[in-house]
Amino acid sequence: ITGVIPPEGDARSILAAAINECATNTVKHAQGDLLNADITKADPQLVFRLNGNGIPPEGTVRESGGLASLRVLVENAGGSMEISPAPDFHVTIILP
């Protein structure tokens, strides 16, 4: 993890959920063993960028299960979430 972890509130809970989901997917789907989480503050926004190592996904990434639940958490907090499968799989979350 690089950056400052939010001390409390929705942002901290969303970061924890994102790390959990992305770590699970890195191991389960990409056969990876490393997850990077970069936290930056760009007033007034907070940006989380998570990417894991391993085998990149083939084709489109279906948002189901954990990723779909994560999107609901983010959007309910007024944020947005982007998934980019190439060149390296990463999830970017922007919170107000």
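Accessible areas here come from the Shrake-Rupley method with a 1.4 Å probe, and for residues only the protein chains shown count as cover. By that method the chain exposes about 5800 Å² of surface, and 54% of it belongs to carbon and sulfur atoms.

The model is predicted: local features need pLDDT of at least 70, side-chain atom pairs count only at pLDDT 80 or more, and totals for chains, interfaces and linings use all residues. Residues are numbered from 1 along each chain as its sequence is written, and side-chain values use heavy atoms, with hydrogens and water left out.

Start with the fold. The chain has two helices and four strands. Both kinds of element are DSSP runs, numbered from the N terminus: helices are H or I with at least four residues, strands are E with at least two. Their order along the sequence is α-β-β-α-β-β.

Now the overall dimensions. The C-alpha trace spans about 35 × 25 × 20 Å along its principal axes. The radius of gyration is taken over C-alpha atoms, and the globule rule is 2.2 Å times the number of residues to the power 0.38. For 96 residues a compact globule would come near 12 Å; the chain has 13 Å, which agrees.

Next, the packing. Contact means heavy atoms within 4.5 Å. Of the contacts between residues at least 6 apart in sequence, 50% join residues at least 24 apart. Buried residues make up 32% of the 96. Buried means under 20% relative accessible area, exposed over 50%, and partly exposed in between (1.4 Å probe, protein chains only).

Then the charges. Lys and Arg count as positive, Asp and Glu as negative; His and the chain ends are not counted. Each charge is placed at NZ of Lys, CZ of Arg, CG of Asp or CD of Glu. The chain has 6 positive and 11 negative charges, and their mean positions are 3 Å apart.

Side chains of opposite charge can pair when their charged atoms come close. A salt bridge is a side-chain nitrogen of Lys or Arg within 4 Å of a carboxyl oxygen of Asp or Glu. The count is three.

One joins D43 and K41, at 3.4 Å from N to O. D43 and K41 are both exposed.

R71 takes part in a network of salt bridges with E63 and E75. R71 meets E63 at 2.6 Å, N to O, and E75 at 3.3 Å, N to O. R71 and E75 both lie in helix 2 (residues 66-76), four residues apart, about one turn of the helix. R71 counts as buried because its relative accessibility is 19%. E63, at 34%, counts as partly exposed, and E75, at 43%, also counts as partly exposed.
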